[in-house]
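Please look over the fold shown here. The report below goes from overall dimensions to the core and then to the strands.

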Amino acid sequence: MKGRDIRNRKACADQHFNRQQSLFPSNEQPDGGLRGSLQECYVVPAGKRRDGGTRYWCLRHRADATAKYGKPAHTCRAAHIPPFRPEDIFALDMNKYSGGIALWGAVPAVYDTTRLPMDRGIHVHARVTPDAKKEMDCTFRAVRIVNERLPEDGIAVSELDAIYYMVTSVFGYQMRQVTCSYCGCSHLDRDWFSVHPHRRHLCAGCGKHFSDTETGIGNPIVGVRDACGMGDHKTTPSKRRIKITQTDFPGGVQIWGSNPAFLWTNKRAEEEGIHVHAFRKNSDLPELDETYGEVTIDGIDLDPARVRVLMAQSALPFLKHRVRSIECPSCREPQFSVGEHAFTPTAKHTCPRCDQQFAAPGRLRKTIANPLPAILVRIAKKAPREPQQHDIDLMPETP
Ligand SMILES: [Zn+2]
Ligand SMILES: [Zn+2]
Ligand SMILES: [Zn+2]
Ligand SMILES: [Zn+2]
Ligand SMILES: [Zn+2]
């Protein structure tokens, strides 16, 4: 069953690739899930809208192509996204790295005083033997995983699969493999859909709605992991502590929340906490590159849960500008929206300390509280230079 889903995914990619001329040089034909091109859209009618008009879909860029008044658009919503170049795709032969492989969805650091480019894609660590120094430590837009259990030319995971895997898992949801009943594509739930389980899905491959057998959140990585025979791995809080003075690191400091790797073949457990890079010089080799359980920067403590949640919140387009540091107007307690409130903007906040109900000030009525942005502003005041403002800018997808 699983083998069939994988083949379906590939077949679905081939079908869309070959309908028109290939998007890639002929010897670099990639597999399922990788597409995008600055070439012309390929727009077809894909069903009815709620108002009875026709919905149009671009099969080349896998995005909505309905223009005003229910007409087909000249360019779809995703036509501007640069295609994957061959060098953006890493072929990962699992048999070559018996020392262990780890893959994560990579998003921009929540705090970054380096001048390095923004991180985005799939972060890869791979070792040839367990004692070898980390052989691969890079970020790619896609990874083609090759091993003997998979179809001959492997199976691809794209940056969006990996980034939404991170988001969905940080907010505590399981994912499942959801396959389109019309075209066989493996479905990725993005943005709002990545944190709201649902049963009726909109297939990116063919643009049609289909119903799954269960309510859930779809991510193709689940199918890839099943096909590789991977289960969940253990995670353990890091016991390391660090105190940093930013002036010791003129090259800058970067901070990410840790999130479980979507592929992990190491024997030992994965450490959780706050991932820190710190640079003495303006180079791309950090002096510190480690995950810590406790991090203090210029005397200010960081909370791993808040870092992790802010990182996931910042990746979701539908939460843009809504995550703010909010204090209770009556007792001054910094608020932290948890559970569903961590991804559901609300007009009224209830202080857990004094029970006061209040509306947050600001232009947007509905907000989410996370104390971290205000803490990062305090840390930035002691930095040798301004932090970079990264925006991952994924495409919004809401019901
Ligand atoms: Zn298009
Ligand atoms: Zn489909
Ligand atoms: Zn869906
Ligand atoms: Zn690192
Ligand atoms: Zn209060």
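For a chain of 399 residues, a compact globule would have a radius of gyration near 21 Å; the protein chain has 22 Å, so the two agree. The model is predicted. Its C-alpha trace spans about 60 × 55 × 35 Å along the principal axes. Buried residues account for 43% of the 399 residues. Take the contacts between residues at least 6 apart in sequence: 65% of them join residues at least 24 apart. The secondary structure comprises five helices and 25 strands.

**Core**

The largest nonpolar core has 93 residues, and L103 and V167 touch the most other members. Helix α2 (residues 159–170) gives this core its largest share, eight residues. What does V167 touch, leaving aside residues up to four places away in sequence? Its partners are S194, V195, A312, A315 and L316. Helix α2 lies across β5 and β7. The helix runs at about 85° to β5.

**An open sheet**

Strands β5 and β7 also belong to an open sheet of four strands. The order is β8-β7-β5-β16, with antiparallel pairing. Strands β8 (136–140) and β16 (263–264) are the edges, each pairing on one side only. Within the sheet, β5 (residues 100–106) and β7 (residues 121–127) are joined by seven bridges. One bridge pairs G105 with I122 in β7.

**Strand β9**

Why is strand β9 (residues 142–146) described as largely enclosed by the rest of the structure? Because four of its five residues are buried. A residue counts as buried when 20 or more other C-beta atoms lie within 10 Å of its own. Strand β9 pairs with β4 (residues 89–93) in the parallel sense. It pairs with β10 (residues 155–158) in the antiparallel sense. On the β10 side, R144 stands opposite A156.

| Strand pair | Sense | Bridges |
|---|---|---|
| β4 and β9 | parallel | five bridges |
| β9 and β10 | antiparallel | four bridges |
| β5 and β7 | antiparallel | seven bridges |

In short, β9 has a parallel partner in β4 and an antiparallel partner in β10. Strands β5 and β7 pair with each other and have helix α2 lying across them.

How values were computed:
Residues numbered from 1 in each chain as written. Chains lettered and ligands numbered in written order. Predicted model: local features only at pLDDT ≥ 70, side-chain atom pairs only at ≥ 80, totals over all residues. Buried ≥ 20, exposed ≤ 12 C-beta atoms within 10 Å, placed from the backbone. Helix = DSSP H or I, 4+ residues; strand = E, 2+ residues; numbered from the N terminus. Pairing = 2+ DSSP bridges. Rg over C-alpha atoms; globule rule 2.2 N^0.38 Å. Contact = placed C-beta atoms within 7 Å. Core = buried A, V, L, I, M, F, W, Y, C linked by C-beta atoms within 7 Å. Axes fitted to C-alpha atoms, helices over the stretch in contact; angles between N-to-C directions.
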